[in-house]
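Here is a short briefing on a protein model. Look at the structure first, then read the points below.

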Amino acid sequence: MAPDTAPKETGGLDRIQVFWLETFYLLALGVLAWAYFTPEAPKLLRAPATFGPIPSGVLWFGALGGVLISLAGIHEHRYNWDPRYWTWHVVRPFVGALVGVVAVITVMAGFLVINGAAQEIPTAGTQNMVYFVIAFVVGYREMHFRDLIKRLGDVLFTSKEPAPALTVVALDPIDGPAAGGTAVRIAGSGLDGATAVRFGSV
């Protein structure tokens, strides 16, 4: 049995409470999925086929990815649960749905650019499975999607060339008295803009 290394912070929800909340989310998503894919389901449970250009199933798959990554985290941290992160788990299905929508809109925009024509408005059903898979994967790995978007933004909106790597090829002289006061010539590349040099801690 692993030692109990859980932090001693108080407040927030404990691991079991968060587990049952995520289980409730999972059951609710199951009911909504049944209603989405079953024409005979009560109208009260049926979401519209689309929200604008987005199939409503995208939200469901994104939320499912968010719930599953939360459950994986609950299991992974069963011996070192930190109650300060309970809000991260509580909002997972909503964050998963949101980033799923953003990812699908991004993919749709890419299709629009490639095809040069307006896309047909999606409808409910399995014909949108590619969008559903994208939403699920992004909902499950939302952090990686954010990193990807950040890199894309850096490429699109950063005009500055990256600074060259700093390389020192020679020092002249290579030694001197401990009291200091010796002028040193440093040869190398990427030194433009350097404002200070340290020899050890000096």
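Leu 166 counts as exposed because its relative accessibility is 55% (exposed means over 50% relative accessible area, buried under 20%, partly exposed in between, with a 1.4 Å probe and protein chains only). This is a predicted model: local features need pLDDT of at least 70, side-chain atom pairs count only at pLDDT 80 or more, and totals for chains, interfaces and linings use all residues. Residues are numbered from 1 along each chain as its sequence is written, and side-chain values use heavy atoms, with hydrogens and water left out.

**A nonpolar surface patch**

- Leu 166 is in the loop between α6 (142–157) and β3 (167–172). Helices (H or I, at least four residues) and strands (E, at least two) are DSSP runs, numbered from the N terminus.
- Leu 166 belongs to a nonpolar patch on the surface, along with Val 168, Leu 171, Ile 174, Val 184, Val 197 and Phe 199.
- Together these residues have about 660 Å² of accessible area (Shrake-Rupley method, 1.4 Å probe; for residues, only the protein chains shown count as cover).
- Patch residues have over 30% relative accessible area and no salt bridge; like charges are joined within 9 Å, nonpolar side chains (Val, Leu, Ile, Met, Phe, Trp, Tyr) within 5 Å. A salt bridge is a side-chain nitrogen of Lys or Arg within 4 Å of a carboxyl oxygen of Asp or Glu.

**Aromatic pairs**

- The structure holds 6 aromatic pairs. Rings of Phe, Tyr and Trp (its six-membered ring) pair if their centres lie within 6.5 Å; planes under 30 degrees apart are stacked, over 60 edge-to-face, the rest tilted.
- Tyr 25 and Phe 94 pair edge-to-face, at 6.0 Å centre to centre and 85 degrees between the planes.
- That pair links distant parts of the chain: Tyr 25 is in helix α1 (residues 15–37), Phe 94 in helix α4, 69 residues apart.
- Tyr 25 is buried at 14% relative accessible area, whereas Phe 94 is exposed at 55%.
- Phe 136 and Tyr 140 are stacked: 6.2 Å centre to centre, 20 degrees between the planes.
- Both lie in helix α5 (residues 129–140), 4 residues apart, about one turn of the helix.
- Phe 136 is partly exposed at 25%; Tyr 140 is partly exposed at 28%.
- Ring pairs also link Phe 24, Tyr 25 and Phe 94 into a cluster.

**Arg 92**

- Arg 92 lies in helix α4 (residues 92–115). Arg 92 counts as buried because its relative accessibility is 6%.
- The charged end of Arg 92 sits over the ring of Trp 88, 4.3 Å from its centre (NZ of Lys or CZ of Arg within 6 Å of the ring centre and within 35 degrees of the ring normal).
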